[in-house]
Amino acid sequence: MDPLSAISEELAEIDGQITDIFRALSNGFQKLEKIKDSNRQSRQLEELTDKMRDCKRLIKEFDREVKNMERINDPNTSRMLNEKKQSMIKELNSYVALKKQYASNLENKKIDLFDGPAEDFGEQNVLLASAMTNQQLMDNGNQMMDETDQAIERSKKVVHETINVGTETTQALKAQTEQMSRIVNELDSIHFSIKKASKLVKEIGRQVATDRCIMGLLVLIVIGVIAIIIVKLVHPNNKNIPDIPGLAPPAMTRKLLWNPY
């Protein structure tokens with residue numbers, strides 16, 4: 001039975017995952033030695049780098065779990081767990097150094113697991129795991145983990161700021177689109193109002209022209225009637241002038257049968 005299982009099932013599970021990754025890393029580097037094409041070697045190094053990132057994350061989880069259990073574990077168990085963690089860090093650092101050596105040979109400086117400062121590369125490549133004490137391995141591993149965490153936090157900050165800028169830009173575009181839509185609707189309403197007003201003006205113009213014709217005709221009729229009345233009064237005995245309907249004929253001159261004078 002695995003001694004870690006008796007201490008914590010979670011620690012045993014993490015240890016199993018780390019062991020599987022170390023086995024995959026060992027097979028991957030053996031395969032890398034047989035690859036001659038530089039492009040395929042670069043892709044293989046990228047895959048191995050991803051596995052080392054996962055291993056680093058699992059070691060940090062293992063370390064957190066060990067620290068949480070320090071109060072309930074006896075000194076011998078705590079010492080055994082710390083030695084286990086140091087062994088994991090030592091093995092991981094050996095793969096990191098091997099990866100950097102292959103990356104240097106391929107002139108592929110961009111593939112770097114821990115994103116450390118450029119001036120420290122030579123020193124880290126010289127300090128191989130076999131020449132380092134356990135404390136140095138722990139300090140070096142923790143330093144690289146901290147540098148990786150800082151790089152991840154910076155990346156998250158950049159992503160967050162990019163998302164905020166994109167959100168603000170989207171909101172601004174949405175507001176401008178809504179404003180343009182309102183302007184288009186207002187222009188349509190104004191166009192409709194102008195068209196309706198133009199139609200009303202035309203109708204009013206036709207009504208005014210019709211009223212003027214009627215008024216002119218009435219004026220002519222009135223003038224004609226007045227002219228007939230005047231002529232009738234001046235020449236009452238003229239038979240060629242017809243009587244105006246509703247107007248009484250002129251009074252006849254009465255002749256006396258007997259005139260004493």
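**Labels and the values behind them**

Analyst: The protein chain has an accessible surface of about 19400 Å², and 57% of this belongs to carbon and sulfur atoms; areas come from the Shrake-Rupley method with a 1.4 Å probe, and for residues only the protein chains shown count as cover. The model is predicted, so local features need pLDDT of at least 70 and side-chain atom pairs count only at pLDDT 80 or more, while totals for chains, interfaces and linings use all residues. Residues are numbered from 1 along each chain as its sequence is written, and side-chain values use heavy atoms, with hydrogens and water left out.

User: How do you know what span is expected for helix α2?

Analyst: The expected span is 1.5 Å times one less than the number of residues. Helix α2, residues 9-34, has 26 residues and reaches 38 Å from its first C-alpha to its last, close to the 38 Å expected.

User: Which residues is I21 in contact with, leaving aside its neighbours within four places in sequence?

Analyst: With contact meaning heavy atoms within 4.5 Å, I21 is in contact with K51, D54, C55 and L58. The C-alpha atoms of I21 and L58 are separated by 10.0 Å, although these residues are 37 apart along the chain.

User: What makes a set of residues a nonpolar core?

Analyst: A nonpolar core is a set of buried Ala, Val, Leu, Ile, Met, Phe, Trp, Tyr and Cys residues joined through side-chain atoms within 4.5 Å. The largest one has 29 residues, and those with the most contacts inside it are I18, F22, F29, M52, I59 and F62. Two or more residues each come from α2, α3, α4 and α6 (134-234), and the largest share, nine residues, comes from α2.

User: How do C55 and C213 stand, buried or exposed?

Analyst: C55 has a relative accessible area of 0%, so C55 is buried, whereas C213, at 58%, is exposed.

User: How many disulfides does the structure hold?

Analyst: The structure holds zero disulfides, a disulfide being a pair of cysteine sulfur atoms within 2.5 Å.

How values were computed: Helices (H or I, at least four residues) and strands (E, at least two) are DSSP runs, numbered from the N terminus. Buried means under 20% relative accessible area, exposed over 50%, partly exposed in between (1.4 Å probe, protein chains only).
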